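Please look at the sequence and the model first.

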Amino acid sequence: MNRRGFTLIELLVVIAIIAILAAILFPVFAQAKTAAKKTQQLSNAKQVTLGILMYSGDVDDKAPSLTQKDGGGFPSYDWQLDMTWAQMIAPYTKNWAILRNPGDGKGNDATSMTNMGYPTTATGRQREYALGLNSGLGYNYMAYSPMTSPLAEFVPVGFSQVTEPASALMLADSIWDKSGTAPTGGGNWFIEAPHWAFSGTAFWFGGWKPNQPTNWLQWGGVYPFFSGKTNVSFGDGHAKSMSIGNLLAGVSLSADGGTVLGVNNQDLYVWDRGQ
């Protein structure tokens, strides 16, 4: 029997073909993985929003407060006294995992505890408070729970005040902070509207900083984890992906694009309650 191995040229050709196939397929696999994570996060956004709507049905149609302190007043940021919106709706969602964004590799329980200075072994209400503050979905507090009272507390609105719920943004993929231009620390329980106009809030964090890429408020705490898009939900319960540019619809920017001057078209602006 005549046996013959590969020649060097044949071996190099096979290696080259494999390399070409790998170069073609690896990006496809990466895109498929990203698409799967995007779909999962979109499902999370919808489930959490439905939890908020179910909660409101049991509390006189009120949206949850961004964070609420026992006895009222400005939040203490003490887990024994305060409760986040995520804790309020927990009996309806029954799953803390849906507050984790699968596209954010920095979000996990240990990071949440570290952000708050808690031991990683924290349990019960302390753990849930940290997870609530570190939600991968940020709450549009300026529309649904503005800080309006003399006591500087977050006051939830009634859904009867949300006149156009299908265009009233409620949640979006969020970040805790930035390290350079990259997100770090997991998610954040609130997001900031581009401008205070039509919000009813008396206190805010200053709006978006579009030309400050190292600032976590560059896009108000919103972050486009998925091919330049972020998952958002609305007051009627539906969720979809949107670009940062679409989230700035109806907004006036300074000539250099770095400052949000106001809202010039409320019909296009998705951050209010549709008033």
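Lys94 counts as exposed because its relative accessibility is 70%; buried means under 20% relative accessible area, exposed over 50%, and partly exposed in between, with a 1.4 Å probe and protein chains only. The model is predicted: local features need pLDDT of at least 70, side-chain atom pairs count only at pLDDT 80 or more, and totals for chains, interfaces and linings use all residues. Residues are numbered from 1 along each chain as its sequence is written, and side-chain values use heavy atoms, with hydrogens and water left out.

Lys94 sits in the loop between helix 2 (85–93) and helix 3 (109–116). Helices (H or I, at least four residues) and strands (E, at least two) are DSSP runs, numbered from the N terminus. Most residues other than glycine have a negative phi.

| Residue | Phi | Relative accessibility |
|---|---|---|
| Lys94 | near 55 degrees | 70%, exposed |
| Phe198 | near 65 degrees | 36%, partly exposed |

Phe198 belongs to the loop between strand 7 (190–191) and strand 8. Strand 8 covers residues 229–234, and five of its six residues are buried.

Two strands pair if DSSP finds at least two bridges between them. Strand 8 pairs with strand 4 (residues 169–173) in the antiparallel sense over three bridges, and Phe234 of strand 8 stands opposite Leu169. Strand 8 also runs antiparallel to strand 9 (residues 239–243), joined by five bridges; Ser233 has Ala239 in strand 9 as its bridge partner. Strands 8 and 9 form a hairpin with four residues between them, and Gly237 in the turn has a positive phi of about 105 degrees.
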